[in-house]
Amino acid sequence: MILTAIVLCPLLGALVMGIVGHRKGADALNVLFSFLTFGLSLLLAFRVFTDGPVTGGAEQLYSDGFSAIFVVITGGVGATTSLFSLRYMAIEKAHGHLGAERTRLYLALYQIFILAMLAVLVSNNLGILWVSLEGATLATVLLVAWTRKPASVKAAWKYFILCGVGIALALFGTILLYFASEKTLGPGGTALLWTHLNGVKTTLEPTVIGLAFIFFIVGYGTKVGLVPLHNWLPDAHAEGPTPISAVLSGLLLNVALYAILRIKVLADGSLHNHLTSRLLLGFGLVSVLLASLSMWKRQDIKRLFAYSSIEHMGLATFAFGLGGPVGAFAGLLHMTSHSLIKSAIFFVVGHVVQTSGSQKIPEIRNLGERTPALARALTIGGLAITGLPPFAIFASEFLILSTAVSRAPWAIPPLLLALLITFAVLFRRIQEMTSASEAPAFPSSPTPTLTFYPVWIHFGLALVIGLFFPDSLGRLFHTALLSIGLTHGQ
Amino acid sequence: MSPPLPAHPFANDLVQFLGSALLMSAFAMLALRRMTSLVRIFALQGVLLTLSTLAVAILSAETHLLFSAIFTFAFKVVLLPAILFRLLNRLRIQGEVEVLVNVPSTMVLGLAIAVFSFTLAGPISELASTVSKGLIGVGLASLLLSFLMMISRRKALTQVIGFLGMENALFFSAINATYGMPMVVELGVAFDVLVGTFVFGIFFFQIRETFESLDLKHMDTTSME
Amino acid sequence: MDVGDLSLPSAILVEGVQIVLALLAAPILSGWIGFCRSVLSNRSPAGILQPWRDLVRLFRKETIVPEGTSFLFRVVPFLVFAALLSCVLFVPALVTDPPLAPVADAVVLVGLFSLARMLMAFGAMDAGTPFGDLGGRREMMVGFLAEPATLMILFTASLWSRSTALPAILHSLLGASAPFHPSLLFALLAFILVLLAENGRLPIDNPSTHLELTMIHEAMLLEYSGPLLAMMEWGSQIKLLLYLLIGTDFFFPAGLPASLSPGSLGAGLLFLSAKLLVAGAGIALIETLFAKLRIFRVPEFTALAYLLATMGFLIHFVLEV
Amino acid sequence: MTPFPDSLDTSLLVLLAWGMTGILGFFLLRRSEGLLGPLSLLLAAGGVVLAFSGIRGLVRGTELQRVLSGGLPGLPLHVRQDPLSSFFLLILGGAATGILLFSAGYLRSLPPPRLPAFFLRTALFLASMEGVFLADDAYIFMVFWEIMALVSYALVVTENDREEVRNAGFLYLLMAHFGSLLILVAFFVLATHEPSSLSPGLSSFTFDAMRTSAPPAGTALLVFVCTLLGFGAKAGLIPLHVWLPEAHPVAPSPASALLSGVMLKTAIYGILRVLFGLLGLDHLNYAWGVPVLLAGGLMALFGILHALVQSDPKKLLAYSSIENIGIIFLGIGLAILYLRSGHSMAGEIALAASLYHAINHAFFKSLLFMGAGTMIHATGSHDLNGMGGLLRRMPVSGGFVLVGVLCIAGLPPGNGFVSEWLLLQAALQAGSLSGTLLRSAVLLGGALLVLASALAAMGFVKFYGIGYLGLPRSEGAHNAREVSTAEKVGMAWMVGGCLLLALSPVRMLSWIDQALRPLTGSPLRENAFPAGWLWLLPLPPRGASYSPEILLGLLAFLLPLAFLLPRLFGKSSIRQSPVWGCGYGTRTFRMQDSAGSFAQPIRHFFANFFLMKRHLPEPEEKSPVFDLTVEDPHWAYLYRPLLRLFQAIATLAEKVRSGRISVYLVYSFGTLIFLLTVFRWM
């Protein structure tokens, strides 16, 4: 049924890519598969929101409103990214950077990556969730190292080791959880199923759960990119191929945070104290602050936006730490809008880098004259990501701050400061890159129009969310949060 | 709930012994410097795991543990060490691993960590309904020790071994805390570890061909700005 | 609040008389000051009517306009003259409340003065000569402190009536129980300083020389000639008269007739001329006693006036309320 | 139902029309620039309509509300046009019309490729400002507020190929962002109780909800401070003003006119709206008036002093905007002080005066910026020292500018004088206050106001005297030409506005009273104008009175008299002749005062307001040159140190990224151990 299908589709895609990935037109096939997955995810979401949560695969697969939203995001951004990488790869080929074999590897891994993330989202079994997240890591490690440049190999290695260790810690957390749950649910299959755990969460042993949650947040937090566990993130974003940076920022971080939130619900049920909320608040705030400070000295455009991803993940974490209906809503909204906008930005950045032949900001100049479309898109993206209206991130930040004022007033000054610094740095850099200046003149290459559809689609959605937030979508989010009980905060 | 166990002091002692042996091996990893011996220790850990799995399986009459015991043996005693040795030969890595922190202080640190994890796991072990009290502490301790080893060594391969050591510790605590995870999970975990190892392998050759050495100090110089 | 409590014809009569008298008396007053000065400095005086003679002569001369000037240069003298002359209508001179007084209060008066000053500066700068600019600059420099000082003085005087309408101030001062207010003393000192500064008198400026380095007012008029110059001169004489009128109103209000009976009017006129003569003599005395200040000291001089006025202001609240 | 839409609908229609026209024009102008004229006319028509809708709202004193779809779930778009909004809509519409007419002619000089974008930005800018005036909930207010900031930034950096333009724009946007963050906080604090659930939810962010909120004193103070600083950043409140003299001059002149003339008023609107409208008068403390009052006074003084030493006409005007905003702040401070200590009349007058000054400033400052634009076009120089003698060459526009100069200098019978007069009348009521300290504060404020306006007179003598009078100081100035008809019309519109404001103060005040009554509740109208439309008598019965109409009439009667007087003494001929050069050869323009030397007395007297770097020529220098740079001290003493501080912190943050995997592992390890310890033992 639908859940199995949604997992099988990318799996099939991966197999096909593995077989014919080196042929001509395989990338088109890749796009096809990705959009198929997207369609399925929409179908799933429709099912979930019309007649409640869906379970399948002998209870191993499960999807409620909360996961459905992420499934849709993953499917959608995955699809648009495949569209983008179509063009991106073509240019790379034109520059003679890669051969057919590498393309096959890329396409197959891409599908596997999508598969792993979807598996994380729809798996009911926390063990399987762990396995899939690890799988996603492995897939992306190879994708980051994909260009074989020394820098990218280093980045991938760093990514691999840090996230591997983190994931291992998360596994220990899972063991502890199992250890606590099998007393009530008995040994065997059901004791790791989220649905069952959620039923008995109040009876779980608090000390064990608390311990487990710490291991979880340190483990999965590494993948979310929470400071100080974030150090793999900038390199991995900067050195991998740009489509991968887009999905890393746009999807993987979300998925990891999703996992933490699932656990948080259980932990809150058993702990009856503010431990989880406080951890999230702390990690979130530290991440926002350090990320904004680190952006100041960045000279590499992709690293710059990688740090902005850290900042926004921190904000979302902070929002869920605040809790309460508005806080959680804001967090969810923030994750959604971030993955929309940030992935679009990376699309643009990819072409900026390709047309400028460098990732170094000082070497990227005159975009306004060379490629006006890119310059416009980059500027809009910068404004959107720094939380200026009428884009979605403004809405979410509006809500986050408003909740913080009543719930964590002490956090307001540092937050505002961080937001201001981020705005200043990002906007300044973009201004330098776009506006005309006496810089080494590059050949003004024609900007690929096809790739702009994804960009404008994303920005358009962000705009709609920011200006005319559809009430239906609002209710969707609300039911999603209710469905896993994130709405009642501390 | 697990079935009530017949009082079986010998069995308990056995499990306890195996646990402490595992802890010893973790310490040994911290102390040792030769690559090959590290791999051997790793294989030894595999053996210990297999034994303890068997013991627990017999004690708790959990049949699936038998499978996982066999599996563990095949995987952690035969397959992985084989791969590692092969890598060692192929990449011609031998001799000393220079450490970032000198061994004695590492040992002291490790001791502190062991104590820490015991105290931490104390209240939890009380809840354990399984044969072996306090083995969670052992598991946690060896987990953190392997972590410490990853930190304190410089060669890429040592980090890998540390990583696998962590896996072992996790597996161990899973077995002893809860008679093992559900089968699917264990299979999945094992699969991941396997893939991970292959990825390591791929990496070594990439690193090799890009840096002519597996020394991490090349990897450290990040090409930021 | 139409034209006071007088009937329209008599109102027009009063204002008409006031204007005509002002037009006639202004040159005579400065003539009187010159007379006193020369007497005090043992020179043979030129006679009180001398300014009138000058004016008439100037009016007969032909007008010479510097090349390259705009129409503004020619219009300015008349604008200035009109602005200053209009003030005459608002200042109580013959009666305590002249019919048109409600049109403009003390603030408006000061505003009109500075309007005149600004226009004068424009005229001077339009000539495009170094002296014109120099004069305009210095005039504005004197102005930017003298004007606030003037306002402060008016405020101090207006503190009893809580109103800057001149008649109101006058009544409140006339009706004031205490004959003597310390705040008013400060105000008086300040007023004297301002009066000297605003009307280009020693020790700020010397109306009777064209010494390049020190002149202010004369520098602005340097390029004017004939009738234009005459209008300027006449205007500034009227300004001096106005200042003295305001001074007498505030500090020596006694003897201003409230009614319009010919007798009281005549008495008022006598009183007024007596006061003006004394004041003029006083100015002459000061001018003979003091030496010209260096131009850079001028702001300090005006600042002193400003401070005195503000002091009077505060003192009123400390001591008198 | 009225036959045609009520004022709110009209305004919304205008908003829509402006946006549409902008987008339309963006595409049409790409085809042909010839369409600029009609398109600008279209926008200007919108301005007229808007002004009328504002007047309607003021005359009827109506409060209209709508809830449009959109916004956040549970927080649809609320819009509202109450008299206060109407008043500011009147400002916007009135000023915008003239500026648009002007730009129809002026923009022809813009390089054609830039024209469409500029037109679009202008239209959006107008629309967003109108949105700010109409917004009735925090979210949509902030949305319009930020859009306004963005679009105005885009206007500022129109010529973005120049470094200083980019920097100015960036500085501006940064300051704006800082301000809006503070405003956000103010709103959040006002929306005290957190919405319980989403579906009705968030409703506490509507202004209606905020009006009812009753925060405790401490919270009220927080709101007060955030509001003042937040909107102050936009209004150029010292020390947040540094962007203003950088950003306003570099924009094309119509944009500068909009920025200075209209956009600054949005900040004033915001302050009034939040402090008096949302927070409510009852939650203000009279003592808070004092800092506002003094800040306003100092702003006025500081602004005009720095205006005096500028030699770029547009910079001069920008600094003078700081002065005028300072005057407005002064009025607001006085109002808070009086209203909260029970002198409603005086307070009302002070507030009315500052609103009056707001609309006055909108008109004459826009006029002057247009003038500066024409000067720069005619001479091709951005420096007063490259101008001069323009009145002779462009008499019409020069005449218009002269009117503006007399008005902004606060001289009777101009419109600037009316507002300052009212403000002084309010300040004079200090006697009715209790406590010497308060009185002295108020009087000090009054004194500063007078000083500032006297200095303003000097500043604009410099502006006009050096720019328009005397001999041309450059080739460009020598060949200057009169401006196009469209530009004349635009400037004439502004002059007309100034005259109307100057000559019908009573009518204007009654409207302002309409606008203020909902905020202060104290009726000015009943007893303010007992003497009818001719007499401005704010404080009856024996209070001071002023009648600009009669005054102008008298002047108009005396001027011909003055012309006739010389005829009494016989007629005289007029002859042109060269000036006597004191025996030297011909006089050159270099003999005139330069812009710098004219301000020398000021620099000398107020030396400690400036940061001056003098370079005096050495005796043996080959080509001796004296040069002097005057800088705003806030840079050296506030902003640069702040920047250095942040850079230091950032460098500190860099230390985290050692780039060594082992170190990163230590981070993770440490975090884990730390958390476990905390969990176990706390």
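This is a predicted model: local features need pLDDT of at least 70, side-chain atom pairs count only at pLDDT 80 or more; totals for chains, interfaces and linings use all residues.
I take two strands as paired if DSSP finds at least two bridges between them. Helices (H or I, at least four residues) and strands (E, at least two) are DSSP runs, numbered from the N terminus.

Entry 1: Residues are numbered from 1 along each chain as its sequence is written, and chains are lettered from A and ligands numbered from 1 in the order in which they are written.

**Entry 2: chains C and D.** I looked up the strand pairing across these chains. β1(C) is joined by 4 bridges to strand β3 (residues 574-577) of chain D, and the two run parallel. Opposite R575(D) in β3(D) I found I64(C). I then listed contacts, where two residues count if their C-beta atoms, placed from the backbone, lie within 7 Å. Chain C has 74 residues in contact with 65 residues of chain D. On the chain C side, α5(C) gives the most, with 14 residues. By class that side has 47 nonpolar, 16 polar and 11 charged residues. Here Ala, Val, Leu, Ile, Met, Phe, Trp, Tyr, Cys and Pro count as nonpolar, Asp, Glu, Lys and Arg as charged, and the others, Gly among them, as polar.

**Entry 3: chains A and D.** I found 51 residues of chain A in contact with 44 residues of chain D. Helices that each supply at least two residues of the chain A side include α13 (324-356) and α19 (471-484). The most comes from α17(A), with 9 residues. I sorted this side of chain A into 34 nonpolar, 13 polar and 4 charged residues.

**Entry 4: two helices of chain A.** α13(A) packs against α19(A) at an angle of about 115 degrees, with the axes 10 Å apart. I count α13(A) as roughly perpendicular to α19(A) because of that angle (the class covers 65 to 115 degrees). Axes are lines fitted to C-alpha atoms, for helices over the stretch in contact, and angles run from 0 to 180 degrees between N-to-C directions. From α13(A) the contact uses A328(A), F329(A), L332(A) and L333(A), and from α19(A) it uses F477(A), H478(A), A480(A) and L481(A). Those residues divide into 7 nonpolar, 1 polar and no charged.

**Entry 5: domains of chain A.** I read domain 1 (1-124), domain 2 (149-273) and domain 3 (284-490) from the domain assignment, which is automatic or from a database. The C-alpha centres of domains 1 and 3 of chain A lie 24 Å apart. Contacts link 15 residues of domain 1 of chain A with 18 of domain 3 of chain A.

Terms used
Angles under 35 degrees count as roughly parallel, over 145 as roughly antiparallel, 65 to 115 as roughly perpendicular and the rest as oblique.
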